[in-house]
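Okay, thanks for coming, everyone. Let me put the structure up and walk you through a few bits of it.

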Amino acid sequence: MKASCAYAKTLKETSVIIDKSLLTEKTLTLLEYPQIMESVASHSVSEEAAVKIKKEKPFFTDGVQTLKAKVNAIYTLIKSSEDEPRAWLPSIAFLLPKIETEGTVLDLDEVFAIALFIECSNDLKNWIVKERTGFTEQETDGRNDLLEMLGVLPDCSSVSAEIFKIIDREGKLRDIPVLRAIKRRIESLEKELRATVSNYTSDDEYRRMLQSSLPSQRDGRAVLAVKANFRGRIRGIVHEVSSSGQTVFIEPLDAVEKNNDILVEKRNLDAEIQKILRELTEKISLRAEELKTFYITIIELECLRARARYSSATKGHFAKNTDETGECLVLKKARHPLLKKAVPINIEMNNGTRTLIITGPNTGGKTVALKTLGLLSMMNQSGLALPLEEGSCLPVFDGVFADIGDEQSIDQSLSTFSAHITTISAITAYATEKSLVLLDELGSGTDPEEGGAIAMAILDYLIKKNTRMIITTHHGVLKNYGYTRQGVENASVEFNAQTLSPTYKIINGIPGESRALDIAAANGLDSSIVEKARNYIDKEKSDISALIRGLEQKQKELAGLEHKSTVEQTRLKEEKRKADLKELQLRQKEAELKRDSVGKLSSLLKESRKTLENLVRELKEGGADREKTLKVKEFLTELARNVENESSALDEEERAITEQLRNNENETDSVFAPDMEVFAGSSKQRGVIIRKDKKGSAGNSWIVKIGSIKMSFPEKDLIPVLDSKINKTASWDAEYGSSAAAVFELKLIGMRLEDAKDALRRQIEAALLSGLKTFAVIHGKGSGILQKGIHDYLKDDPAIADYYFARPELGGFGRTEVVLK
């Protein structure tokens, strides 16, 4: 702690601290970020966009997620479509100030470049805004951001259309009437000139005076190459004499006027072209501001597309900002993008871990791990997909700072240590709780004891700031430090003791051995020297390496137990799910039986109501007293109420079963499918799914066959039949003893006593199963043997709460009412 306070005081007194922007630039160079952006720029079809990409730095703001969403949306378009426009975008940035300057006239190539830029940009825009489906939520957000960006893009199509009225698709002037007339005059004059010149080249007398029978051009005028000794024989204007003095280039006098006419017409043609270009430039300049906005937006869009194409080419995945536990740092099988044979590594820092101390042998991959994390963090905040597996998470940092040096060598001196401390001083000054700090070989380059003390003081200082950091070290004291500080975790790079080679796998929870002696022996150091070194270690300190090896073994055993525990938890969860499913099957079967019972009772009630009402009327006509009539009405009302209550309870039970079925489907990812048995609609009719209803809303409806009728039902009105073996046509005829369902009236008249008892036993079992509390047994009066036998059976059955003869109007001594417990 004293060292920490002293270090903090030293920091406050330090007068020279590297500027934050320079520190960031140094970190970017150290992590080889410029090489990545060079590669990204190579995927652009615009030289200006490529230059912009190379200059761009990572975003250290909340805009990272929006940037990634846009790039991800374009990335999806690239993967899912084959019509991506890839035409080259000409460079026009230097032309934008020119068209704003009064009196400027663009040349033919410049207006052609502007027209091509607008046309190719519109192709890119149309490709982006084309209506498509199949986007994820994040991709949809990114697509909406792109559409919003392009929604304010000025329409410059009229500018390119105006340009292409004057020039063709190859950048040449079209055959405009005013130009066509001048060109024809020029052609006519040139024809006359050729005829004049040919008089000299075709005449034998003049031909011998010429060095060549073909006319030449000097300053745009037709001349004859005359031998020097004949110069006086052809009258005309001398334009040039050859360096040898043997040839004189003479323009004959009879060709001078024609040459003059041609020159005048060509000047007229140039003037007309300049006039056309001036007028065209004036039209373009009227849209200067719109063109500027158009250019800036398209270049930004091309920079996004270059990122997406790089991401597609590297087959990367976009890292999430958080997982289900909140903000964390998890890299799964991450590879350094600049290493051709990079070994995938895993780095994990959950919310409780803010500092990771990695130890282990040289060449074990510690420094590569730091560089991989740092570079991928920078790439993530540049909107790029990363070379790692899905499910990886990277927070958005407000700064990434690194001090990563080469491996230690004997030439290191105090100056090297001072350079490291200067960088670390700046890092401690600028780091916040949202920063990522990467320190390689912290505390090296000086006395080990002092270096270890400084390293711990630096860690104390940054931990107090709650900075997220990963450091590598060989200091043994820092291994112990990792066990004694909250939020700090040890890690190591795995080393194969048999082959004396690293596996590059990072193991959280335990520190690593440096293995310096083993590596020295493997690299040819004399065995006696190695043995002497081992003796020094044994005498100077306890065998920490043995402790570490023990921890490694415990770590492996713990990992094995954890795996077994996971397998067992999975098995128990599956067994519980099956048990719950079985319970639901029984409840569903019970509900189905109840539904059948209530249905039968409802039908019976409807069919009997009219008969009973007639009976009431007859009783009234027969002089029955009012009290008996009221009792019959009360019985009917009570019976109807019981049926309604039973139906309501059954509806509630079915709703509960449906909800549990839905939950069970969510856990097991089950879905409806053709040939599946279901209960359909509010009446829960049993049917079989035929196919999906294509006309259904949102595609969540199914065609179900119920009997011979096919109907469409939404998924919410369907319940899977858990046990397809439930008897669909349960018999209600107790006389044959084949019904598994309880009835409200058990008719035993005409049966032998033993058969009647057996039917009564099955009725009681079915009533208990279905929840039916009361029913009637119709045994008749007869000789009384069947009546007495039934009563004796009911008296001895423990499930019977009470039994008694029915009221006279309902059957009297020929009918017994049974009440179950």
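Predicted model: local features only at pLDDT ≥ 70, side-chain atom pairs only at ≥ 80, totals over all residues.

Residues are numbered from 1 along each chain as its sequence is written, and side-chain values use heavy atoms, with hydrogens and water left out.

So, the protein chain has 23 helices and 23 strands; those are DSSP runs, H or I of at least four residues for helices and E of at least two for strands, numbered from the N terminus. Of its 821 residues, 41% count as buried, meaning under 20% relative accessible area, with exposed over 50% and partly exposed in between (1.4 Å probe, protein chains only).

Now, how do α5 and α8 pack? Helix α5, residues 64-80, meets helix α8, residues 137-151, at about 95 degrees, with the axes 7 Å apart. Axes here are lines fitted to C-alpha atoms over the stretch in contact, and angles run from 0 to 180 degrees between N-to-C directions. The two helices are therefore roughly perpendicular, the label for 65 to 115 degrees; under 35 is roughly parallel, over 145 roughly antiparallel, and the rest oblique.

Last stop: F805, in strand β22, residues 800-805. F805 is partly exposed, at 29% relative accessible area. The C-alpha atoms of F805 and E817 are separated by 6.0 Å, 12 residues apart along the chain.
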